[in-house]
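Student: I would like to go through this model with you element by element, with the cut-offs stated as we go. Could we begin once it is on the screen?

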Amino acid sequence: MEKKNVFQHFKKNKQANFSSKSSLRQVFFCLKFDDYGAYIEITNQQGNPVDVNFLSFSGAIRNVLRTLESINEKNSFVIDWEKESKHVYLSDHSYLLWQLKHCNNIIDETGSPVIFQEETGEIRVIISEKKDSGSKDKSMLFEGRVSLFFNSNLIETFEVLTEDFVFADGKIVEVKPMGNNFSQINYFRSEFHEADLSKYLSLLFSYVENCRVTYKDYKIKRSEDGIFAEPALIFEKIDEDESLIMRVGQTLPDFDFEFLEQFELFHYAEVNQMEKVINVKIIEQEPVEDLLNIIKKSLTKHIPRKGSKKLADFVQEGNLFIVPKEVASGFIYQELPELLLSFKLFGAEKLKSYKISTGQPKLDLKLSHGVDFLEGDVTLDFGGEKLNLFDVLNQYNKNRYISLSNGMHAIINENYIHKLQRLFKKKQKKVQVSFFDLPIVEELIDENAAKTTFKKSRAVFEGFNKLKKSPKVKSRVNAKLRPYQEQGVKWLKYLEKNNLGGCLADDMGLGKTLQTLTLLATIYPEKAKPTLIVMPKSLLFNWAAEVDKFCPQISHYTYYGNTCDLEEAMVHNLIFITYGMLRSNIEAFAEQEFHYVILDESQNIKNINTQTTKAVMMLKSDHRLALSGTPVENNLGELYSLFRFLTPSMFSTLENFSRNYANPIQKNSDVRVIEELRKKIYPFILRRLKSEVLKELPSKIEQTLYVEMSAKQKAFYEQRRQFYVTAIKSQIAQKGVSSSQFFIFQALNELRQIASIPENKTDGKISSPKLEVLIEQIIDAVENGHKMLVFVNFLNAIELIGEKLDNANIDFVSMSGSTRNRQEIIQRFQNDSECRVFLMTLKTGGTGLNLTAADTVFIFDPWWNVAAENQAIDRAHRIGQQNKVLTYKLITKETIEEKILLLQEKKKELFENIVSADTASIKSLSEEDINYILG
């Protein structure tokens, strides 16, 4: 092999005809566009094309000119019947952009300068329901919008240059590589029907790389597990001579069989509506040749032979088979049942001439009522021939056919068979069906049969639909309920009347506690048997405060700390206990009988195998109720655990639930099973989002969350409080009240820090319970799609909260007095759907900011002046806010924070004398004021 000289290869070409080209002092690289993409043209200052020699220039401009000349020389030998041969397209020569990046003479077609931006951008595809779909059918119309997220802004209009550069607003912005199909990104600016969402996403993830997809509050998960396309056998038609024409293909769940053939897909997007997750999986396909060989082998078995002479044969053209009747008959009756174990069948209705029946049989029921089940006989009617349900299922599982006495072979839709298997259980020689499955069973039989068979049970389900028009529930509660809350109480009372369990799953801030207390106020104080309410520790004091406020006639007992007398607790109407205390004392509580067992934040029993869940299941009560803003956080096992508590008979065993629901949904995203499960649980989960009841809500909702100190924190706080009581008295005695103000203010600030962030005063040895409560609330809000502001008074709190948010994988921004790039941070929070939390000091964020993307505000530690807090809340609650704003104040019990709250409510003149709203300067405090605050 001849060796090449590297120096000779890169030696300058001195034969360039310098004199034949213009010699200009200044040229411009003009960025232009046509139907084939972006291209670069050399122009003068007036924008007219010029022909120059690179030797007239130096530096980066010289390098680009030289590259362009080289490209043009090559193009002169190439004929492209589509593209303009003189144009240098960036899509073909992406390396040009890296050279142009060092030039300062780039312009657009209007002559305006074009600059390269230092910050990188991100391509986003935002999918939303179209408000005015104009669709004639009932299906929802969706819209896909392609945007550039750059410099904390969403830019709708941009041009794609190469796979990793786009052009917008006079700037060339680098993005993550979109892959070889980058030029097709704009095709995803499209409208499509709801049923095609999975197809749209599968195309997107197959053709475009590194773009962020946003759809409602769904999470995008890229699964390590691939999905295997299912082999398919498609019967096209029966010819005039009764030859069977069929072809072989592959299909994906809920896709028509042509889709995979028509589009070159690499990824499949499973849309899991129950868990609000989009699983992106790599598509694995069988080699087509292997599938064709299987069919050829099966057909060959049925070619009639006489001696060595073939009487009939089949024809294969690619994946299409033309099979004569003599071969097709044997293939259909003897081979097809086995093939149906691995091949999905399409077009079976075309096989009537081969005595194949594909009509869905009629379901006949003769059932009588039990407690939670109906029992009796179920038959399937195949055009007059009735067969026992379990005989049909046995035949199907064995042969994939149902043999009929008239010589016909019935093929039943696989999904229909699976539904029958989920709904009907065998009990000795009878069929058993759950009360909770009756609405689904009704869909399989005619209306008259349903009215006769399910008359008693049907009335219960129809009752849910009549609740809206039913009278208001009379209750002794000191509150005026909003219409949606009154509806919620009707629902709770209806469940109680029919001995049904349910989960009140309203969005945070919609008053789940008040609705529950309104229900309980219809029972107590007359009812002798108490109600047990189980909750996280952080909610103990909130429940007690809410009862005292709204239902003072109802007695309550908090089983916690030093008050753990069960005998004493049982004489009260309501007993409050934490999940941890219940777990530790379950033997005693399991012996008691309660009227209600109510679980607040019921996601605490989401794992069926934990000791907490097992303890809750042991409780005995007449009625059961769950409260949770996030009843299912991660998987369907949590749903099973919830209903195992509420109504144990709904799903039977965990094994049955996994086989019938969890596996088909989580592994295959089976849309039919998802819809069936939703119908089954729908009457027993009441969920209203804040966005759905906006008109019924006030513009601002304020709520106080009380937090108890830990034992170590309480001891440390009391030690420092007593120290300052003595120290301040001594200071005042020596210097007087006026001269002691600064010392007093320092003392109060230290106590406030110990109440909120004891870590700051103990080198991290004492942890903040309030911080735990805040993170719990934030996680709950994030799960429900909210954005929130968190206001703190101390810089250390920003660091501590930030660390917790990082650990919880929650995206956030923060701002303090030293922050410089404020506008960039604000824009990111306002426009980035992934950024959920804005963390800032009260003084920094109190004025001048517009943060209407947030609809939830947390005041982590209270400020002296309520006006300053209101200013902070108004960062979200202002013109442009589309949602109602929910505000939480977190207050540590038995600390100076409770005194601040009382000052805000009862002694405005006092806190106005402590700190000025605008300057935070110290004003005068009397000895009486000090004793009130520290007492």
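Student: How many bridges join strand β1 to β2, and in which sense do the two run?

Tutor: This is a predicted model, in which local features need pLDDT of at least 70 and side-chain atom pairs count only at pLDDT 80 or more, while totals for chains, interfaces and linings use all residues. Residues are numbered from 1 along each chain as its sequence is written, and side-chain values use heavy atoms, with hydrogens and water left out. Helices (H or I, at least four residues) and strands (E, at least two) are DSSP runs numbered from the N terminus, and two strands pair if DSSP finds at least two bridges between them. For β1 (residues 28-34) and β2, the bridges number 7 and the sense is antiparallel.

Student: Which residue of β3 stands opposite Tyr39?

Tutor: Tyr39 belongs to β2, where it stands opposite Lys32, and a hairpin through 2 residues joins β1 to β2. Strand β2 also pairs with β3 (residues 88-89), in the antiparallel sense over 2 bridges. The residue of β3 opposite Tyr39 is Tyr89.

Student: How many of the residues of strand β2 are buried?

Tutor: Buried means under 20% relative accessible area, exposed means over 50%, and partly exposed lies in between, with a 1.4 Å probe and protein chains only. Strand β2 spans residues 37-43 and is mostly covered, the number of buried residues being 7 of 7.

Student: In the open sheet of 4 strands, which are the edge strands?

Tutor: This sheet has mixed pairing and the order β5-β11-β10-β9. Strand β5 runs parallel to β11 (residues 171-174), joined by 2 bridges, and Ile115 has Lys171 as its bridge partner in β11. Two strands pair on one side only, and these edge strands are β5 (115-116) and β9 (159-162).

Student: What is the order of the open sheet of 7 strands?

Tutor: Its edge strands, each pairing on one side only, are β35 (556-559) and β39 (685-686). Within the sheet, β37 (residues 593-600) and β38 (residues 620-627) run parallel over 7 bridges, and Asp600 stands opposite Leu627 in β38. The pairing is parallel, and the order is β35-β36-β34-β37-β38-β33-β39.

Student: At about what angle does helix α13 run to β33?

Tutor: Axes are lines fitted to C-alpha atoms, for helices over the stretch in contact, and angles run from 0 to 180 degrees between N-to-C directions; contact means heavy atoms within 4.5 Å. Helix α13 (residues 483-497) lies across β33 (502-504), β37, β38 and β39, and its angle to β33 is about 165 degrees.

Student: Is Tyr640 buried or exposed?

Tutor: Tyr640 lies in helix α20, where its contacts, apart from neighbours within four places in sequence, are Ile608, Phe651, Ser652, Thr653, Leu654 and Phe657. Tyr640 and Lys606 are 34 residues apart in sequence and 8.3 Å apart in space, C-alpha to C-alpha. With a relative accessible area of 4%, Tyr640 is buried.

Student: What is the relative accessible area of Ile295?

Tutor: Ile295 is found in helix α6 (residues 288-300), and beyond four places in sequence it touches Leu233, Met246, Val248, Phe321, Leu339 and Phe343. Ile295 is buried, and its relative accessible area is 0%.

Student: Where is Asn573 placed?

Tutor: Asn573 is buried, with a relative accessible area of 7%. Not counting residues up to four places away in sequence, Asn573 touches several residues, among them Tyr524, Pro525 and Gln553. Its place is in the loop between α16 (566-569) and β36 (574-578).

Student: Which handedness does the crossing of α9 and α22 have?

Tutor: Helix α9 (residues 414-423) and helix α22 (residues 671-681) pack at an angle of about 35 degrees, with their axes 11 Å apart. In this contact, Asn415, Lys419, Arg422 and Leu423 in α9 meet Arg672, Val673 and Glu676 in α22. A crossing is left-handed if the near helix is turned anticlockwise from the far one by less than a right angle, and right-handed if clockwise. The crossing of α9 and α22 is right-handed.
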